[in-house]
Amino acid sequence: MSDTSAPREGRLSRPHVSTETATRPERAAPDALTIGRRLRHVRQGAERTLGDVAAAVGMSPSALSLIENGKREPRLSVLTSLAEVLDVPLADLLATAPPSRRAALEIRLERAQRAEQYSALGLPTVRVGPRLPTEALEALVGMHEALASMQSERAATPEHARRANAELRTRMREADNYFGDIEQAAADLLAGVGHAGGPVSRTSVDRMAEHLGFSLVHTSDLPNSTRTVSDLANRRIYLPQPEAGQHDARSLALQALGHLVLGHEVPADYAEFLSQRVEINYFAAAVLMPEKELGERLLEAKAAKDISIEDLRDAYGVSYETAAHRFTNLATKVLDIPVHFMRISADGVIYKAYENDGIVFPADATGAIEGQRVCKHWTARVVFDQPDLSRSYQQYTDTRSGTYWCSAFVDRTSSGLFSVNVGTPYQHVKWFRGRETTSRSQSRCPDPSCCTQPPGELTARWGGHAWPSARVHSHLLAAMPPGTFPGVDDTEVYQFLERHARES
């Protein structure tokens, strides 16, 4: 499926960003490679042979060759003797700069080929000698350094991950979280299996997989680092047993199919991996809650001034979070209503968020909001204080960017309690069920006196007398796990596929 350039219709994939090799700092002391190249440069400049110089200092030509090739680090006494024989100051042999541009390229190639990253590829090394053309040397050095740069980008640091999230959220906001080609791909798949409307059953998902030439296999031995595994050779998609997973089996299957339908390739870095993850989630939701049918339902609800996320959840048999996410896809496109969405933990930490209604989320210097803590007076946090956590909670909140009406619901997971929140500016609340709520609060954040600064009397009593041990959200601070697909153990995956291929 081809991508479109229209800002409200295009895919989430990042625009191409060129990278440049970082400038290398000067080394504080010469290494064996640099010493060897300087020694060879001086010897050849003096028109002395390897055997001649080796004999003059009492060593074998092969030993001197190892020094010149940077494979043996010479003792200072040996270097002193070599400097005397070649009639140059010792400092010339110990200088940190390569003696020529050609020598600098040779040193860079040697270093690259000796790196663990290159050894792990299992490729032969190229002999660096006078017969290797300079153009070929430049090309090899460029490819090695480009590979090193790509590997560095794939090892997503916390800052890299936060920036990728911020960039992705910007693209979602610019498109009002509506992506027409993904909607069309979902509609085409539904039409391909003759789905007539209504909730999509597991049987329907099986038919979709068959339509694409795949079979769905539920198993209890998926690798721990995976949610699903697709066997592209034998055209099978392995899923967890329904009772073993926390996710809707239909969603997991559709997400795996989404990679195929959307034509995804192996992600180049974490940002592309993240974009692909968001796209398959969008695709799965668009299949489970088709645009045409859902759009008509939403227009009817708007006309009745009775829009409710709970109704969408119940009508399509999906989770509240899926229904809330899907609502944001069509809210602005179909209903002309700006909205925001949040998923936060019980202690207020943001895990997911989206907005095109002007609300100001807390953010760090990179513009990322994941890991930030929202105000205690926002609906998404007040919902945890309600006596009945099985019901949604509505509230008006006055914030520095305006007044918002929000509806929040507590989601119980194996990782704890989370709230899912959907909100809209005050002028659009007339279309929603729950607008009659009398609950209201005021947020002055980021003013510390709002909710982050303790009251004066408590500070006076306990300031300097408390030392809490923080519960750190390590997954938000640590570097992303390495690998093409972050955190996935390739060995486990290949062993899994090999085992199941033998059994079939």
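Arg433 is partly exposed at 34% relative accessibility, where partly exposed lies between buried (under 20% relative accessible area) and exposed (over 50%), with a 1.4 Å probe and protein chains only. Its side chain meets that of Asp306 in a salt bridge, 2.7 Å from N to O; the term stands for a side-chain nitrogen of Lys or Arg within 4 Å of a carboxyl oxygen of Asp or Glu. The pair links distant parts of the chain, 127 residues apart: Asp306 sits in the loop between H14 and H15, and Arg433 in the loop between strand E8 (416-425) and strand E9 (440-442). Asp306 counts as partly exposed too, at 30%.

Before we go on, a word on the model: it is predicted, so local features need pLDDT of at least 70 and side-chain atom pairs pLDDT 80 or more, while totals for chains, interfaces and linings use all residues. Residues are numbered from 1 along each chain as its sequence is written, and side-chain values use heavy atoms, leaving out hydrogens and water.

H14 (residues 291-303) and H15 (residues 309-316) pack at an angle of about 145°, their axes 12 Å apart. Those axes are lines fitted to C-alpha atoms over the stretch in contact, with angles from 0 to 180 degrees between N-to-C directions. Glu293, Leu294, Arg297 and Leu298 in H14 meet Leu312, Ala315 and Tyr316 in H15, a contact being heavy atoms within 4.5 Å.

Now for a pair within one helix. Arg114 forms a salt bridge with Glu110, the closest N and O atoms being 3.6 Å apart. The two are four residues apart in helix H6 (residues 101-114), so about one helical turn separates them. Arg114 is partly exposed at 39%, whereas Glu110 is buried at 11%. Both belong to a network of salt bridges that also links Arg37, Arg102 and Glu106.

Stepping back, the structure holds 22 salt bridges. Its chain comes to 21 helices and nine strands, and 43% of its 504 residues count as buried.
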